[in-house]
Amino acid sequence: MKNIAIGLGAVVIGLVAILAVRTAAIGGGEAGAGGATEDVDEARAREIAEHLGEAIRIQTISFGDLRGYDSAAYAAFHAFLETRYPAAHAAMERETVNEHSLLYRWPGSGDGAPVLFMAHMDVVPVPTGGEGAWEQEPWSGAIADGAVWGRGALDDKASLIALMEAADALAADGFSPSRDVYFAFGHDEEIGGDDGAGAIAALLKDRGVRLAWALDEGSAMVTGYLADKERPAAIVSVAEKGYVSLQLTATGAPGHSSAPTDDLAVASLARALAALSDDPYPMKLKGPAEDMFKALAPYMPLGQRAAIANLWLAGPLVKASLGKEPPVAAMMRTTTAPTMLRAGTKDNVLPQTASAVVNFRIHPRDSVDGVIARTQKIVGEDIEISIWLDEATEPSPVSSTDTDGYRAIMDATRAVYGGDVVFAPGLTIGGTDAKHYAEVAEASYRYLPMIYRPGDTARLHGVNERIVVDDLYRMTRVYEEMIADVAGG
């Protein structure tokens, strides 16, 4: 027994040593390169906020139904941009794509590969009757309590206005880029972007344009997750998930509800949906999620740092803990979400068919075909599967962090927010216009250079959408620094 105890003790000591060495190897984060967050020019910040307020008041809504687009609203938005940003419009070429989207080209003096900055003009509707839940009118563009309020304040007119403010300021100051700089503003991102960003990307491809990199909306900076709770963590998404909605249809015996059979369409569909819900895709840390946590680990508290350094042992516990947060869990797997049901026309009639729509957001390690095959296997061959509305998007390629573009994003952010900002790659779990540029861009990044404050993510597509005026100003300054960096002489 003594020898066994000694042996077990040696194993424990060895295990502790391995854990300690691996934790030490991942290191503790450096104190940072220093530098404080840039002060705000209050007068300019107010002017930028007022311009965003004007943009919000122009209701460029994507309804996603037969109402189509409000051509007058888009014409007004185009005119607003031209009026508010004269220096940018004098320096850049502008063309309209598919009537509503805009493509700007700022000609460069050299032959370096061009870069692209993206945003979208369209916003989601405000549900009828839901206006009363807002602290400020949703289409007011009001400036109150240090923020600009209204639909699009975060998603995504703030980014568009910040980009145009940056371009206008640089152009007015005589800046001339050394390479072509493009700005692409789609009109239908909220319903997939095919007619906007998709058409612009096709146009660039036809013209033989090959982008060094592209930047769109996506993730942002957050605080409260590192050992220093005030230290910002900037998550730059290097990929986005794919998208497919599958319609599941079950067929059964019709008849009167007073004499039901064992062959009920609704029951078959219910069993199929239950089977899918009970068998979600497994969570795996491999891919952008693992890369993100490993990049952040040196700056995390010791316990979290040790767990991430030793995923070979703590992996299941780490996944279980992270999986309690739905957005984080979504980064680790393809998600399954039943969203629509349809069956029956009368309460005493057994429907012959019952159908449901299930939405999948596809992780980069999976594919549309793989999702269909897995779903069919789970629900059984008696359930008919088809792609809802014949629309599906594969996950985007995963862009490298070892590029001039990623470094430019880091440098420009730190120039404004200080050298203590910690950067990590991430995965956008929703959809952006960037997916359309995979064939014309060497790399695509999804990142808003601003700090998401508590509650901001709930405001996206929700109630009380707003952006803090100082954050809008600093986003503009980051874009200025970035453009000057990547296209300076």
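Me: Which residues in helix 2 meet which residues in helix 3?

Reply: His-51, Glu-54 and Ala-55 in helix 2 meet Phe-77, Phe-80 and Arg-84 in helix 3. Contact here means heavy atoms within 4.5 Å. Before we go on, this is a predicted model, where local features need pLDDT of at least 70 and side-chain atom pairs count only at pLDDT 80 or more, while totals for chains, interfaces and linings use all residues. Residues are numbered from 1 along each chain as its sequence is written, and side-chain values use heavy atoms, with hydrogens and water left out.

Me: What makes helix 2 roughly antiparallel to helix 3?

Reply: The axes of helix 2 (residues 42-57) and helix 3 cross at roughly 165° and come within 10 Å. Angles under 35 degrees count as roughly parallel, over 145 as roughly antiparallel, 65 to 115 as roughly perpendicular and the rest as oblique. Helix 2 is therefore roughly antiparallel to helix 3.

Me: Why are helix 3 and helix 5 called roughly parallel?

Reply: Helix 3 (residues 71-84) and helix 5 (residues 157-172) pack at an angle of about 30°, with axes 11 Å apart. That angle falls under the 35 degrees cut-off, so the two helices are roughly parallel to each other.

Me: Which residues touch the most other members of the largest nonpolar core?

Reply: Leu-81, Phe-117, Phe-183, Phe-185, Trp-213, Ile-467 and Met-482 do, out of 74 residues. Such a core is a set of buried Ala, Val, Leu, Ile, Met, Phe, Trp, Tyr and Cys residues joined through side-chain atoms within 4.5 Å, with buried meaning under 20% relative accessible area (1.4 Å probe, protein chains only). Leaving aside neighbours within four places in sequence, Met-482 is in contact with Phe-117, Trp-213, Leu-215, Ala-408, Ile-409 and Ala-412.

Me: How far apart are Ser-268 and Ala-250 in sequence and in space?

Reply: They are 18 residues apart in sequence and 6.1 Å apart in space, C-alpha to C-alpha. Ser-268 lies in helix 7 (residues 265-278) and touches Ala-250 and Ile-383, not counting residues up to four places away in sequence.

Notes: Axes fitted to C-alpha atoms, helices over the stretch in contact; angles between N-to-C directions. Helix = DSSP H or I, 4+ residues; strand = E, 2+ residues; numbered from the N terminus. Buried < 20%, exposed > 50% of the residue type's maximum accessible area, 1.4 Å probe, protein only.
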